[in-house]
Amino acid sequence: MSKTEQRIFATNRKARFEYFIEDTYEAGIALKGTEVKSIRAGKVSLKEAYITIKRGEAYVEGMHISPYKEGNIFNQDPLRVRKLLLHKRQIRKLDQQITQKGYTIVPLRLYESFGRVKIEIALAKGKKLYDKREAMAKRDSDMAMRRAKY
């Protein structure tokens, strides 16, 4: 694999179904010990993860990184809170926007870029139930059209 390729470790497919994505950002993650090896082995889940901003710093909570099996004493808590590496102005902008009603920050995918583990986060607004039904109906109609085409 060349250095310019992006290798995706995990995606949060449910995020695009549950939220309208307004804006996306790329952030680094402060990882410890054997977490990078475990991520590269694909032992990570973004399903329950969300982003919080405390004291001017962004953190990802609920992201599960399984302990590395050869890591023994160097393994970290799988659900520990991890700091995101963003510019101060990006954090301030996100903090202002999530104070508005209905906005939140969700992780979309975890990937490797130029040898570094990155996370793509998004400013998102929650969908109502009828929006979700509309998305499911559109997906079903697209699938039916593809079947009819062949």
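The following exercises, each with a worked solution, treat a predicted model of one protein chain.

Residues are numbered from 1 along each chain as its sequence is written. In this predicted model, local features need pLDDT of at least 70 and side-chain atom pairs count only at pLDDT 80 or more, while totals for chains, interfaces and linings use all residues, and side-chain values use heavy atoms, with hydrogens and water left out.

**Exercise 1. Overall architecture**

Task: State how many helices and strands the protein chain has, and in what order they run.

Solution. Helices (H or I, at least four residues) and strands (E, at least two) are taken as DSSP runs, numbered from the N terminus. On this basis the protein chain has four helices and nine strands. Read from the N terminus, the order is β-α-β-α-β-β-β-β-β-α-β-β-α. The C-alpha trace spans about 55 × 40 × 30 Å along its principal axes. Of the 150 residues, 34% are buried, where buried means under 20% relative accessible area, exposed over 50%, and partly exposed in between (1.4 Å probe, protein chains only). Among contacts with a separation of 6 or more, 69% join residues 24 or more positions apart; a contact means heavy atoms within 4.5 Å.

**Exercise 2. The largest pocket**

Task: Determine which elements supply at least two residues each to the lining of the largest pocket, and describe the lining by class.

Solution. The search uses a 1 Å grid over the protein atoms alone: a pocket is an open set of points with protein on both sides within 12 Å along at least five of seven lines, a cavity is a set where a 1.4 Å probe fits but cannot get out, and lining residues have an atom within 4 Å of a point. Grid points are joined across faces, edges and corners, and a volume is the space filled by probe spheres set on the points.

- Volume: the largest pocket has about 220 Å³.
- Lining: Asn 12, Lys 14, Ala 15, Glu 18, Tyr 19, Lys 47, Glu 48, Ala 49, Tyr 50, Thr 104 and Val 106.
- Elements: helix 1 (13–18) and strand 8 (103–113) each supply at least two lining residues, and helix 1 gives the most, with three.
- Classes: the lining has five nonpolar, two polar and four charged residues. Here Ala, Val, Leu, Ile, Met, Phe, Trp, Tyr, Cys and Pro count as nonpolar, Asp, Glu, Lys and Arg as charged, and the others, Gly among them, as polar.

**Exercise 3. The cavity and Ser 38**

Task: Is Ser 38 buried or exposed, and which residues line the largest cavity?

Solution. Ser 38 is located in helix 2 (residues 35–40). Its relative accessible area is 1%, so Ser 38 is buried. Apart from neighbours within four places in sequence, Ser 38 contacts Lys 43, Ile 65, Ser 66, Pro 67 and Tyr 68.

The structure has one cavity of 30 Å³ or more, and the largest cavity holds about 50 Å³ of space. Its lining comprises Thr 34, Glu 35, Ser 38, Ile 65, Ser 66, Pro 67, Tyr 68, Asn 75, Gln 76, Asp 77, Pro 78 and Arg 82. By class, four of these residues are nonpolar, five polar and three charged.

**Exercise 4. Positive phi and charges over rings**

Task: Locate Arg 55 and Phe 114, then identify which charges sit over the rings of Tyr 111 and Phe 20.

Solution. Arg 55, although not a glycine, has a positive phi of about 50 degrees. Arg 55 occupies the loop between strand 4 (50–54) and strand 5 (57–61) and is exposed at 73% relative accessibility. Phe 114 has a positive phi near 55 degrees. Phe 114 belongs to the loop between strand 8 and strand 9 (116–126) and is exposed at 56%.

A charge sits over a ring if NZ of Lys or CZ of Arg is within 6 Å of the ring centre and within 35 degrees of the ring normal. Arg 109 lies over the face of Tyr 111, 4.2 Å from the ring centre. The charged end of Lys 127 sits over the ring of Phe 20, at 5.2 Å from its centre.
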